[in-house]
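Thank you for giving me a few minutes this morning.

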Amino acid sequence: MNSPRVQTDWASPVMQARVRSRYAKERRFRFMGFAALALAGAFLLFLLGTIFANGYTGFLRTEVKLAVEYDPFTLGIDSSALAGPGGENALNTANFQGVMTAAANARAQTLGIAAKDLVSDGAWLALREAVRTDPGLIGKRVDVWVPTSGDFDLLGKGLIDRAVPEANRPVSDTEVAAFDTLKSDGAVRTTLNTTFLTMADSTSPELAGIWGAAKGSLLTLIVTLLLCFPIGVMTAIYLEEYAPKNRFTDMIEVSINNLAAVPSIIFGLLGLAVFLNFFGMPRSAPIVGGLTLALMTLPVIVIAGRIAIKSVPPSIRDAALGVGASQIQVVFHHVLPLALPGILTGTIIGMARALGETAPLLMIGMRAFVTDVPGGLTTPATVLPVQIFLWSDEVARGFVEKTSAAIIVLLVFLMLMNGLAIYLRNKFEKRW
Amino acid sequence: MSAAALILALLGLAVAAYLAARARAAAFAGRTFANAADRISSIHSRPAYHGWYVALWALVPALILVLAWSVVGESIVADRTIASLPAESQPQTTLDRQAFLTEVRGVVSGQLAGAFNPAADAAVPIYRSIKTQWSLVIAGLAALLAMSGGGFAWLRVRPHFRARPRVERFIMIVLILSSLVAILTTFGIVLSLIYESVEFFRRVSPIEFLFGTNWSPQTAIRADQVGSSGAFGAVPLFWGTIFIGAIIAMIVAIPLGLMSAIYLTQYAKPKARKIMKPMLEVLAGVPTVVYGYFAALTVAPAVREFALSIGISNASSESALAAGVVMGIMIIPFVSSMADDSITAVPAAMRDGSLAMGATTSETIKRVLIPAALPGIVGGVLLAVSRAIGETMIVVMAAGLAANLTANPFQSVTTVTAQIVQLLTGDQEFDSAKTLSAFALGLVLFAVTLCLNIYALAVVKRYREAYE
């Protein structure tokens, strides 16, 4: 039994080297773990940095100062027509395009470029708004700031590399020279792009806006919330508090767990086959988008709701039952109010996911080109992520910054929603 | 009267019924007993339950009628309108009928100034009068239902009427009905996918679909068209999906996710964890369309440059590598959180035992924790694969649409999800083999992800039970 044992000589160089190598391995492994996290963090920073660097100029636009003559003859109206009851109508039929073209042509000729390269196709809208606020302008000659063409916009933001040979550049040398002349005259400025924040999609990047898509997202999310919040909460209550242990309950639980893992595009196929083709609902409408997203978000809310309800301690239920409350009263008067913060947090997280979802909405036709801000639940609309997808496909150079700017808008909304969820969790979370 | 106005009126009526019945029940209590305690016990249910009982009877039957009308009403009015037209001006085909009705409805709702079709113009007043007629009938019926329902319930309000159990039974039924929605959705998915896929397999044999290697869904419209063979061999799609989602993405996501989880659970100090965990959550919260845009705009050109610089001349600007790498990064938080759960579930005694024997932390992790947590980690990875192959936007935007059967990561491949989007967003008649094939692809995707999920969840569950 007592076999002679050789004492390990820990101080010997061999053992010392072994220990050192083991510790080195330990440090390497630890560093690898840190490197993995750092890499993920670096990627996130790079992603957000790229988007922001590309996108912040999307909120700005370049304007050029033009001397505009509000000639009543070209416009076809005078200030007296605007004052009358048909003023709005007269304003909408007035030929502001003609006035704009005249002013742009005059200025473009002195610079040696075409008028369409100088001002945006929609620049006349600025004139109409100016007259709407001040009808006295008619017949006068004033300096007006109007949006420039897409190429000049990019020049103004420094997004066109002037070192590139002329043939490979969207703007010619003459145009660059013209732009520099304007700039030295102080006739170019960069301002906040209100069009981007208040209008809907357009074929020209300088006229495209995000508000139409944002409102489409809002309408869609309202439908989603109205449907999946009550249904989700009631399902969670039933499963957690009342459901008997039987095959039927198992079936519900299995379906919910599976639905939570079904790829989102499958919900799009369901929406297309059932809502559009079977029930004949309108394409591209927020109500169909909301229905589809509601089915997708439902499992998230049910699972979050069940966890929140489960975390309410049984003593609360026992106490309520003890003073004579019925089963329904126990849940609706005591358990549900206590579980509500948790359910709300889960709901907001589910809604944030629905806000970022693209694929199912493509299936039900929400990729339509919509130039109006949607007015109701059945009018064609698009949503923020789909707008991003559509703009990313555009060839015009000006849409790159618009896409990134739209992503910034989407991320801001997501951050607000998640921030609200975290705030609710921290404020109302109870540890029993 | 529009459905919305009718519903509002019904709601108003229900509120009135609630208040009236509650007051009546309260009066019962007050009339017979002077003593407050006796007052409450003199009626079976609290006054509010009587109120709810009457309100529900007044509201629910009428509401069901109005909702049913708002679903089928339009088509009834349309049928009546067309039936009342003279035979020669009735639209013949279904398509004609639809165009006709769209015009009539446009004029009636005021969106169109006038119809192009004179017959439709003539039908407008008929449509309007029939619609008004029917709306009045429905409004009258709803009022009758509300009154009779409310009246019936009102007569039953007595001191000893058991209102609470009845109201509670109603609540219970609503709860059960709402939990049916999940089952209905599942059935809806399965049935719609199977129904459309069967239509597709009537035209294309399943053998060709599952084992054919040529994918070119563009069917010829004219007989002499070139390059529109209409071949539906989906193997290149399956390969592309596996290549991007299960191979390239996992090569990125497994090591990074696993090492992140190990660092977070074993090494990071609480303070560092507080920063690093939310960072991973942000990464998980970024919408996929943003990843897709980033992959297409930034990563794909970089990958192409890299391929050209190492001498691969046919590198395409849409590559499997760009899509796969970005998808892998998207999956990192998912793998990390699954691995995190599995590693923390390993009993502390095993870890402490190993450390007490003199093993370093990394030796403990590699020889004790990982082997013990392996089933959980594998289950998590399978779930991650199922999520990756169902991911759509990244591959739509960055992987391209060319159905290549290639193992070269610098070439463009396409995936099941990208093809579904491509097939269903063009202008195509719904019943063509091309659009139906999207549902067959959806069915395969659904079946595969379902199997992966069920298997993975079973593995994870068994693993958890082993340590509990």
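How many residues of chain B are in contact with chain A? Before I answer, please keep in mind that what you see is a predicted model, for which the predictor gives the complex an ipTM of 0.88 and a pTM of 0.86. The answer is that 62 residues of chain B are in contact with 62 residues of chain A. On the side of chain B that touches chain A, helix α6, residues 163-203, gives the most, with 19 residues. Sorted by class, the residues on this side of chain B comprise 38 nonpolar, 21 polar and 3 charged.

Let me stay with chain B, whose mean pLDDT is 85, with 92% of its residues at 70 or more. Helix α3 of chain B runs over residues 47-84, which makes 38 residues, and from its first C-alpha to its last it reaches 53 Å, close to the 56 Å expected at 1.5 Å a residue. If you follow α3(B) along its course, you will come to a kink of about 55°, centred on B:Val72.

Now I turn to chain A, which is divided into domain 1, covering 58-192, and domain 2, covering 211-428. Taken over C-alpha atoms, the centres of these two domains of chain A are separated by 44 Å. Where the two domains touch, domain 1 of chain A contributes 6 residues to the contact and domain 2 of chain A contributes 7 residues. On the domain 1 side of that contact in chain A, there are 3 nonpolar, 2 polar and 1 charged residues.

Terms used: Residues are numbered from 1 along each chain as its sequence is written. Chains are lettered from A and ligands numbered from 1 in the order in which they are written. This is a predicted model: local features need pLDDT of at least 70, side-chain atom pairs count only at pLDDT 80 or more; totals for chains, interfaces and linings use all residues. Helices (H or I, at least four residues) and strands (E, at least two) are DSSP runs, numbered from the N terminus. Ala, Val, Leu, Ile, Met, Phe, Trp, Tyr, Cys and Pro count as nonpolar, Asp, Glu, Lys and Arg as charged, and the others, Gly among them, as polar. The expected span of a helix is 1.5 Å times one less than its number of residues. The bend at a residue is the angle between axes fitted to the seven residues ending there and the seven starting there. Domain bounds come from an automatic or database domain assignment. pLDDT is the predictor's confidence in each residue, from 0 to 100.
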